[in-house]
Amino acid sequence: MNRTRFAPDRGLSSRMVVTMFLIGLLYVVFVGVLITLLRGAWPLILIIAGGLFIAQFWFSDKIAAFSMGAREVTPEEFPQLHGVVDRLCALADMPKPRVAVADSDVPNAFATGRNPDKAIVCATTGLLRRLEPEELEGVLAHELSHVAHKDVAVMTIASFLGVLAGVITRIALWGGFRSRGNNQNAALVALLIPLVSAVIYAISFLLTRLLSRYRELSADRSAAQLTGRPSALASALTKVSGTMARIPTEDLRKAEPFNAFYFAPAIASKESLSNLLSTHPTLEQRLEQLGRISTELNEA
């Protein structure tokens, strides 16, 4: 982590290292299995795997921002938003990321980028309309914490493994069957490769979910400690979570694939998933932690 005034989190750092090691191991195992099953197509598999890994590292943040509708904005267009980011970056002693806005009524915010120099922090128009200045400050401090701790880069890269597994599988099957022809092993290969792909995706899915829930608690904690106003962040959380139930289901479904990046999950409370599959800790867990921090700050 770069030296900033955001409190370091060794628990988060160790979890990121373990997650990236396991994700990388899964990636290597997956490519190895494909090479074993499709011996004639191994050059194609290595080229595709290497190319997609490089593309994943260099462009996944841009793809994620584009997919979520982020549009970079100037201080003249959104002076209040830029003003809050400027104050928080000065308070945290960190470089200012690019600032963006997504035209969506779903009240949310996210950060993405492979490193602090390439980071972008985005708020939706729905969030900007609904939050008070102190609440917006808490949300943006939460997102800047992701940038400072670099967990946003880990999540951006790790979240694309499932997509890559699917792409490599389809191309490898096509290349493999062209090289192997219609022989007696074709049916077995056709069965094994999708099965391996599904297992790899399931494991990477669970790993990223475990990291995602911890990093959200870490960002809440760091934001509350930096601003000294955990109650403002708690108010923003309550307001955003309560508003989700009134957002049209169609809009929530469009945003749901990117929940791992968002400040709050874009799902109505009645549709909440179990803790094992959720990208975020429960609202109660987050508010309870902020309550403890508020007590500690008052006693200090």
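1. Asp 105 is partly exposed, with a relative accessible area of 31% (partly exposed lies between buried, under 20%, and exposed, over 50%; 1.4 Å probe, protein chains only). Its side chain meets that of Arg 130 in a salt bridge, 3.2 Å from N to O; a salt bridge here is a side-chain nitrogen of Lys or Arg within 4 Å of a carboxyl oxygen of Asp or Glu. The pair links distant parts of the chain, 25 residues apart: Arg 130 is in helix H4 (residues 125–130), and Asp 105 is in the loop between S2 and strand S3 (109–112). Helices (H or I, at least four residues) and strands (E, at least two) are DSSP runs, numbered from the N terminus. Arg 130 is also partly exposed, at 26% relative accessibility.

2. This is a predicted model: local features need pLDDT of at least 70, side-chain atom pairs count only at pLDDT 80 or more, and totals for chains, interfaces and linings use all residues. Residues are numbered from 1 along each chain as its sequence is written, and side-chain values use heavy atoms, with hydrogens and water left out.

3. The salt bridges number 14 by this rule. Arg 98 pairs with Glu 72 in one of them, with the closest N and O atoms 3.9 Å apart. This pair links strand S2 (residues 98–102), which holds Arg 98, to strand S1 (residues 70–72), which holds Glu 72, across 26 residues. Arg 98 is partly exposed at 36%, and Glu 72 is partly exposed at 46%.

4. In the salt bridge between Asp 86 and Lys 96, the closest N and O atoms are 2.9 Å apart. Asp 86 lies in helix H3 (residues 79–92) and Lys 96 in the loop between H3 and S2, so the pair ties together parts 10 residues apart in sequence.

5. The largest nonpolar core has 55 residues, and those with the most contacts inside it are Met 94, Leu 127, Leu 140 and Phe 263. Such a core is a set of buried Ala, Val, Leu, Ile, Met, Phe, Trp, Tyr and Cys residues joined through side-chain atoms within 4.5 Å. Helix H5 (residues 133–149) gives the largest share of this core, 7 residues. Apart from it lies another core, of 8 residues, including Leu 26 and Phe 30.

6. Leaving aside neighbours within four places in sequence, Leu 140 is in contact (heavy atoms within 4.5 Å) with Leu 81, Val 84, Val 85, Leu 88 and Val 121.

7. Trp 58 is placed in helix H2 (residues 42–67) and is partly exposed, at 41%.
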